[in-house]
Amino acid sequence: NTVTGSEAGRLFEGFILHELKGYLSYTENRNQFFYLKSYSGQEVDFVSENGGLLIETSIAERIRARDI
């Protein structure tokens with residue numbers, strides 16, 4: 001079975017979260033990541049606790065300007 005659409009996106013985000021947690025554990029980094037969504041609906045999938053790293057994930061074949 002092939003997973004597509006929003007379900008595939010959620011699975012990919014979960015995979016990235018798992019990898020980030022593994023990396024933080026390996027490096028003994030206690031930084032946490034959060035999800036951010038603005039009132040206008042813009043979002044960032046992972047924001048580091050200190051704000052120094054923002055990660056937006058996408059599983060789309062083409063990334064558009066509005067995706068960033």
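1. For the classes used below, Ala, Val, Leu, Ile, Met, Phe, Trp, Tyr, Cys and Pro count as nonpolar, Asp, Glu, Lys and Arg as charged, and the others, Gly among them, as polar. On that basis the lining of the largest pocket holds five nonpolar, six polar and eight charged residues.

2. The model is predicted: local features need pLDDT of at least 70 and side-chain atom pairs count only at pLDDT 80 or more, whereas totals for chains, interfaces and linings use all residues. Residues are numbered from 1 along each chain as its sequence is written, and side-chain values use heavy atoms, with hydrogens and water left out.

3. Helices (H or I, at least four residues) and strands (E, at least two) are DSSP runs, numbered from the N terminus. The C-alpha trace spans about 35 × 35 × 20 Å along its principal axes.

4. Of the 68 residues of the chain, 18% count as buried; buried means under 20% relative accessible area, exposed over 50%, and partly exposed in between (1.4 Å probe, protein chains only). Contact means heavy atoms within 4.5 Å. Among contacts in the chain with a separation of 6 or more, 24% are between residues 24 or more positions apart.

5. The largest pocket has a space of about 450 Å³. Of the 19 residues lining this pocket, E43, E56, T57, S58 and D67 are the closest to its centre. Helix 1 (5-26) and strand 2 (43-48) are the elements that give two or more residues to the lining, and helix 1 gives the most, with five residues. A pocket is defined on a 1 Å grid over the protein atoms alone, as an open set of points where a 1.4 Å probe fits, with protein on both sides within 12 Å along at least five of seven lines; lining residues have an atom within 4 Å of a point. Grid points are joined across faces, edges and corners, and the volume is the space filled by probe spheres set on the points.

6. The largest nonpolar core comprises five residues, I16, L20, L24, F33 and F46. Helix 1 supplies the largest share of this core, three residues. Such a core is a set of buried Ala, Val, Leu, Ile, Met, Phe, Trp, Tyr and Cys residues joined through side-chain atoms within 4.5 Å. Beyond its neighbours within four places in sequence, F33 is in contact with L20, L24, F46, V47, S48, L53 and I55.

7. F34 lies in strand 1 and counts as partly exposed because its relative accessibility is 44%. Residues up to four places away in sequence aside, F34 touches D45, F46, V47 and E49. F34 and E19 are 15 residues apart in sequence and 15 Å apart in space, C-alpha to C-alpha.

8. N31 belongs to the loop between helix 1 and strand 1 (33-37). N31 counts as buried because its relative accessibility is 17%. The N31 side chain reaches the backbone nitrogen of E49 at 3.1 Å. With neighbours within four places in sequence left aside, N31 is in contact with L24, S48, E49 and N50.

9. R66 is found in the segment after strand 3 (54-55), and counts as exposed because its relative accessibility is 67%. R66 and E49 are 17 residues apart in sequence and 25 Å apart in space, C-alpha to C-alpha.

Definitions and conventions: A polar contact is a pair of N or O atoms within 3.5 Å; within protein, one must be able to donate a hydrogen and the other to accept it, and residues adjacent in sequence count only if both atoms are side-chain atoms.
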